[in-house]
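I opened this complex to look up confidence, the chain contact, helix packing and a few backbone angles. My notes go in that order.

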Amino acid sequence: MLLVLLPADVAVLFLRPRYWIGVWPETGAAAQIVAGLTIPLIAGAAAWAAAASSRHKFTEQLAAAQVGPARVEAQRLGATTAILLLPYLLVHLIAVVLTARTNPPGLVLWAGYFGHGLFLSFFSIAFGWFIGRAYRSMFSTVVAAVGALFVSLLLGQVTSLLLTSGPVALTVATGPLVARLVLAGILLVVLLYLPGRRGLRVAAALGYGAGMLGLIVILVTTPVVMPRSPSTSAVCTTGERMKLCLWPEHDKYRPPLQAMADRVATLPAQFTPPAVVNEEGLDPSFGQRYLHPERIPASEPYSFTVIEGSPWSIAGDLANIVLDATLDFRGASGCQWDGLTPANRSQVSSLYAWLEGYIVGAVNPDYHTDAPPDMQQAWATGRALLSDTRQRQFAWAQESLKQLRGQYCRAAS
Amino acid sequence: MFVEGYADGGVPLDRVIRLSKVVGHDVEVEVNDLVQGYGGAPVIRGLTMTLRTGVTALLGPNGAGKSTLLRTLATVLPPRSGGIVVDGVMVQGESSARAVRDQIGYLPQSFGYDPRMRLIDFVEYAAWLRGVPSVARAASASAAVELVDLTDQRRTRMGKLSGGMRQRAGIAWAVVGSPKVVLLDEPTVGLDPRQRLQFRKIISSLTDAVVLLSTHLIDDVSAICDDVLVMHGGEVKFSGPVTGLAELDRIDLPGHTPLERAYMNLLPEQDQRL
């Protein structure tokens with residue numbers, strides 16, 4: 001099993017985008033993903049190991065052992081757990097070494113994701129071991145793997161069982177994580193008593209069922225990921241027209257962000273970007289909005305996100321923010337955009353696409369989209385201008401702004 | 001040596017398990033009015049016997065109760081009624097059973113092994129299960145492997161051993177840690193003549209233990225056993241020295257040796273003819 005898990009886990013870490021290097025929470029999340037993706041493998045392997053004593057016809061010899069059945073089981077379960085955890089630990093070690101080289105802040109944020117992956121591993125082992133013990137056949141492996149896949153997908157729909165990213169604005173909450181680890185640990189301990197005398201076996205099986213139920217309740221009712229308190233040591237760009245601030249853990253993005261702020265500073269005067277834009281989560285109201293998304297505020301503060309390290313994700317957000325502020329999409333200064341015509345909508349889309357490319361300093365985006373064809377055409381129109389001289393680009397942009405404001409901001413203008 | 005054994009109803013039966021102390025290095029296993037079975041009619045009916053240091057054969061046809069007796073003596077099965085005393089310890093419940101298991105080496109007829117395990121690891125695992133202290137475990141395992149003359153195969157995986165070697169590995173499993181009681185259920189099944197001779201040599205070297213050896217093979221009885229217990233239908237038909245069994249020879253019965261004919265003499269009349 002190690003021959004399968006080790007390369008598989010390392011492949012999962014490195015075949016995905018490596019933006020996580022240098023950011024502790026993203027490092028933790030990236031390394032932790034292997035535990036989620038290998039749930040069926042680990043459960044199947046645990047079932048195989050659990051059924052080994054029956055498969056190898058050891059039960060009679062174990063019944064005659066001076067060492068008690070719980071201790072025999074502990075030795076087997078312990079050895080299985082250690083082996084199945086090895087690949088996970090190795091992946092984290094590799095990820096930690098790679099990130100630690102740049103000595104970024106936020107090591108404790110990595111620990112939460114590491115712990116969550118441990119929980120997923122313990123859960124998978126407990127699930128598979130029970131199946132292997134209860135259904136002592138060579139098919140228990142398949143039953144455990146398929147069952148674990150089904151359960152994890154089902155739970156993943158309604159809980160935060162599977163964490164696929166480590167946004168810097170969020171953290172793995174200690175209380176819910178500890179509750180998960182404790183319950184998974186209880187399940188593993190209860191499993192030690194399954195091979196005992198009949199009365200003990202029944203009690204252990206019932207205990208296991210109760211523990212699993214309790215764990216599901218915890219998973220459903222207690223989110224493991226919570227918003228962080230805004231950092232008091234945000235790192236910001238310097239700029240005359242717009243200051244951009246990042247979480248300190250994202251300090252590695254400050255250079256490209258500074259370049260973007262500098263390009264915003266060169267925009268024509270008709271563009272009116274906000275003075276300060278924070279990365280998502282640095283605003284004090286973020287926590288409440290995250291926890292209560294149903295309560296939509298009248299207007300949210302401007303913020304940008306860094307998605308998988310992509311500069312285009314930042315530039316896209318900044319383009320929206322600059323246009324929103326410049327064209328007063330929120331209507332704070334009297335502009336009315338309710339009657340936006342299709343032609344003007346295309347014009348806005350072209351402006352957005354051009355502005356996005358201008359801010360990032362490139363022409364071809366690093367993402368694909370399923371936007372409607374007319375929107376994609378409008379974007380293409382805007383991006384095509386990026387190859388032109390700056391003078392012509394600005395002239396086009398200024399003319400577009402003038403037309404749009406003239407039509408929808410008459411009261412303001 | 002074997003003291004005495006009784007067919008059902010022969011002697012007033014002490015249904016309470018008693019303690020008998022070991023005399024010198026001799027070991028005793030007492031069975032008192034044992035009734036044993038698996039849910040229906042009993043497989044063993046009121047068996048009483050005492051085993052002492054030496055090799056005793058347990059002879060009988062299939063279904064006689066030999067394996068059941070061995071499993072009960074190994075404390076794998078709690079008796080339905082009656083009792084067992086092993087080396088002076090009354091076996092009454094799981095905790096007392098566990099207390100004597102370090103003194104009992106048991107090899108089932110069809111014993112299990114992980115084919116990927118090396119022989120030495122297999123035997124060392126047995127030592128751990130028997131409660132041999134960790135400081136002595138490796139040495140005990142090596143001694144057991146040496147006893148069965150498999151030292152040069154110690155690093156061979158169990159799945160790669162021949163049938164005869166694997167059987168000897170099973171004996172090593174049973175004798176590791178020098179238990180005082182060794183219970184072997186048909187250990188020579190499937191062995192060729194040379195392997196059986198090797199097996200006899202090994203068993204003959206276990207001079208300090210109570211060895212109860214279940215077998216179908218009369219030749220093994222005469223070659224290595226001091227005493228013999230013949231079972232049929234859950235009852236003891238004969239218990240005593242091998243020479244005593246031979247005295248029950250009847251020339252008119254089927255068989256090529258006195259022991260074979262004596263064995264046939266102990267069977268019900270309808271089973272005495274072929």
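The entries below follow the model from its confidence values to single residues.

I am working with a predicted model, where local features need pLDDT of at least 70, side-chain atom pairs count only at pLDDT 80 or more, and totals for chains, interfaces and linings use all residues. Residues are numbered from 1 along each chain as its sequence is written, while chains are lettered from A and ligands numbered from 1 in the order in which they are written.

**Confidence.** I noted the complex scores: ipTM 0.85 and pTM 0.86. Then I read pLDDT, the predictor's confidence in each residue, from 0 to 100. Chain B has a mean of 85, with 91% of its residues at 70 or more. Its lowest value is in strand β1 (residues 5-6), at a mean of 35, and its highest is in helix α3 (residues 119-129), at 97. Residues 1-24 of chain B have a pLDDT below 50, yet this stretch has 64 contacts in the model beyond near neighbours in sequence. Helices (H or I, at least four residues) and strands (E, at least two) are DSSP runs, numbered from the N terminus. I count a contact when two C-beta atoms, placed from the backbone, lie within 7 Å.

**Chain A against chain B.** How many residues does each chain bring to the contact? I found 13 from chain A and 19 from chain B. On the chain A side, helix α5 (residues 59-63) gives the most, with 3 residues. That side has 6 nonpolar, 4 polar and 3 charged residues. Here Ala, Val, Leu, Ile, Met, Phe, Trp, Tyr, Cys and Pro count as nonpolar, Asp, Glu, Lys and Arg as charged, and the others, Gly among them, as polar.

**Helix packing in chain A.** I took α7(A) against two partners. Axes are lines fitted to C-alpha atoms, for helices over the stretch in contact, and angles run from 0 to 180 degrees between N-to-C directions. Under 35 degrees is roughly parallel, over 145 roughly antiparallel, 65 to 115 roughly perpendicular and the rest oblique.

Helix α2 (residues 24-37) of chain A packs on α7(A) at about 10 degrees, with axes 7 Å apart. The pair is therefore roughly parallel. Among the residues in contact are A:W24 and A:Q32 of α2(A) and A:W110 and A:H116 of α7(A). By class I got 11 nonpolar, 8 polar and no charged residues.

Helix α3 (residues 39-50) of chain A packs on α7 (residues 107-134) of chain A at about 40 degrees, with axes 7 Å apart. These two are therefore oblique. The contact includes A:I42 and A:W48 in α3(A), and A:F127 and A:R133 in α7(A). The classes are 14 nonpolar, 5 polar and 1 charged.

Buried means 20 or more other C-beta atoms within 10 Å of a residue's own, exposed 12 or fewer, and partly exposed in between, with C-beta atoms placed from the backbone.

B:T75 has phi near 65 degrees. B:T75 lies in the loop between α1 (66-73) and β5 (81-86) of chain B. Is B:T75 buried or exposed? B:T75 is buried, because 24 other C-beta atoms lie within 10 Å. B:S178 has phi of about 50 degrees. B:S178 sits in the loop between α5 (163-175) and β8 (181-185) of chain B. With 17 other C-beta atoms within 10 Å, B:S178 is partly exposed.
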